[in-house]
Amino acid sequence: MDTQNASSSEKSDFVRDIVAADLREGRISEVVTRFPPEPNGYLHIGHAKSICLNFGIAAEFSGRCHLRFDDTNPVKEEQEYIDAIEADVRWLGFDWGEYLFYASDNFEQLYEWATYLIREGKAYVDDLSAEEIREYRGTLTEPGKASPWRDRSPEENLDLFARMRSGEFPNGSRVLRAKIDMASGNINFRDPVIYRILHSAHPRTGDAWCIYPSYDFAHGQSDAIEGITHSICTLEFQDHRPLYDWFIENLPVPSTPHQYEFARLNLTHTVLSKRVLLRLVKDGFVHGWDDPRMPTLTGIQRRGFPAEGVREFAGMIGVARADSVVEIEMLEHAVRGVLNRTALRRFAVLDPIKVTIDNYPEGQTEEMDVTNNPEDPSAGTRKVPFSRELWIERDDFMEDPPKKFFRLSPGREVRLRSAYFVTCNEVVKDAEGNVIELRCTYDPATRGGAAPDDRKPKATLHWLSAAHAVPAEVRLYDHLFASPFPGSDGRDLFEDLNPASETVLSGCLVEPALEEAAVGETVQFERLGYFCVDPDSTSGAPVFNRTLTLKDSWARMQAKTNA
RNA sequence: UGGGGCGUAGCCAAGCGGCAAGGCAGGGGCCUUUGGAGCCUCCAUUCGUAGGUUCGAAUCCUACCGCCCCAGCCA
């Protein structure tokens, strides 16, 4: 029973099953995985799935996971991205230790192996142009045909390849191709390009090279050099696996890694395409890679999602081979789960309305003891000042309330959390008839929020003492895209952007404890949601990003009756 | 019409010949000094479809249907 319970709480999926079997049956003695980002953009939540898989497996099976940059295309790659990727993987909570690699570390070895292939008669320099190569490749249903340069001698190929390296030829003039099978049903076998001429500086190797290996020629060989046992990638590389294996078999590589593919993550109401994310940033649809609406790890972090929530989410969704789109609510559920356990509770009023307690002594202030986190007694309590003039949330009052509205209204008594019961006696309006102030009385016997006669108001409100409240800016965030499937049914992706994805509120008020809140800290504004201190905050002028709302059954009820 | 994959609830996903896990979402209820959280409970007589094998099929076989990926000198 115990072992059953223990094993059922372990993560299990087809990749872990394969690793476990390989270990059990002695095909490997230690599992070695790798996370191989190309430094041409920022990491997003989809990468988090892969990171959690690769680092997670290594940890669970006492192996190791390498961080390797797949930096074989200098025209798209930048040091900025390398730095950001390292920071994001660390933020997610993973450590590659000494195992930091770059495909570019292997450029010399890769070059040597390319010449090996040439000497074996398994690679050749092709003078065809890019367009000609495409034409010669054939189509999905028709075989390709041989390039006229396919049968050059190894000597000539070696000479040409060396001259490609030395910079003698312009971009696009020649490529090195593996000589495999122009008639293969798998297009990756139709003499794939393995080296191209790119007179372009590389973030790491500078101008040492003007020819660069393609992904197919670099990835598996880098795996072999590092001793990777399980090279885990996404489904679109399935067709490349035979080619991956071909290079491993035809080259004198030091180990025999294997590739396994899983379905990449898709999420509703957002998009996980580096191309589109780049465009959102470059065209100003968002404020940057770290915009709290972005699905990038840096954006998610600024939004206030804890790394633990992201990891929990990765565990929830599993790993399989079927294409899927996960509802973003699952991510939000995981995030709320950790925030509920860890976030300190605070009072904040986003849309204030004045409350005056007529029978409370003018000039008096009390320090009320308020629980920091009812889920975690060890978080203790804090003092929140209470006085005669208060702010409450405008939404928490209705002059003419519908049946199920339990909050404040004329003649009704509610509890001010951890303070007193108050009753609304009078509604003050301006010339236009807008409610501008509520005149209330309090019951001194209910100090702390409990009545000696045990009567229980149907609602508990959050509040702020007017004299002590700190002004703040609060940014409300919602899904980046209004449609769950952006760009579906032929719509332009950008038409589906949610116009209400960001709402900036000024004139919000927060309790004094928040005046000097630490950037990056996420707290719960009681009854409103989770909010994260934004780096735009300055001393005494905090800025908060709404991470997520609390689940709101009142709002749900409203929506249902309105529908 | 070539090659490679995938179809289990609204969504994700276990299941590996013995009678459909779990989570998210949703419904109902309890509880509550957050209309939060928590707790209880309901939610697939059926696994893309049709045949077949078997005492027994989501699991094996056959055919069909649907969806995804591949024709970068991107990864």
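**Surface around RNA strand B**

A residue is taken to be near a molecule or strand if one of its heavy atoms lies within 4 Å of it. In this predicted model, local features need pLDDT of at least 70 and side-chain atom pairs count only at pLDDT 80 or more, whereas totals for chains, interfaces and linings use all residues. Residues are numbered from 1 along each chain as its sequence is written, and side-chain values use heavy atoms, with hydrogens and water left out.

Around RNA strand B there are 68 residues, of which Arg345, Arg415, Gly448, Gln524 and Arg556 come nearest. Of the atoms of RNA strand B that come within 4 Å of the protein, 63% belong to sugar and phosphate.

A side-chain N or O atom of His240 is 3.2 Å from a base nitrogen of RNA strand B, and one of Glu375 is 2.9 Å from a base nitrogen.

**Contacts of Leu267**

Leaving aside residues up to four places away in sequence, Leu267 touches (heavy atoms within 4.5 Å) Ile45, Leu272, Phe313, Val325, Val326, Glu327, Ile328 and Leu331.

Methods:
Chains lettered and ligands numbered in written order. Polar contact = N/O pair within 3.5 Å; in protein donor to acceptor, adjacent residues only side chain to side chain.
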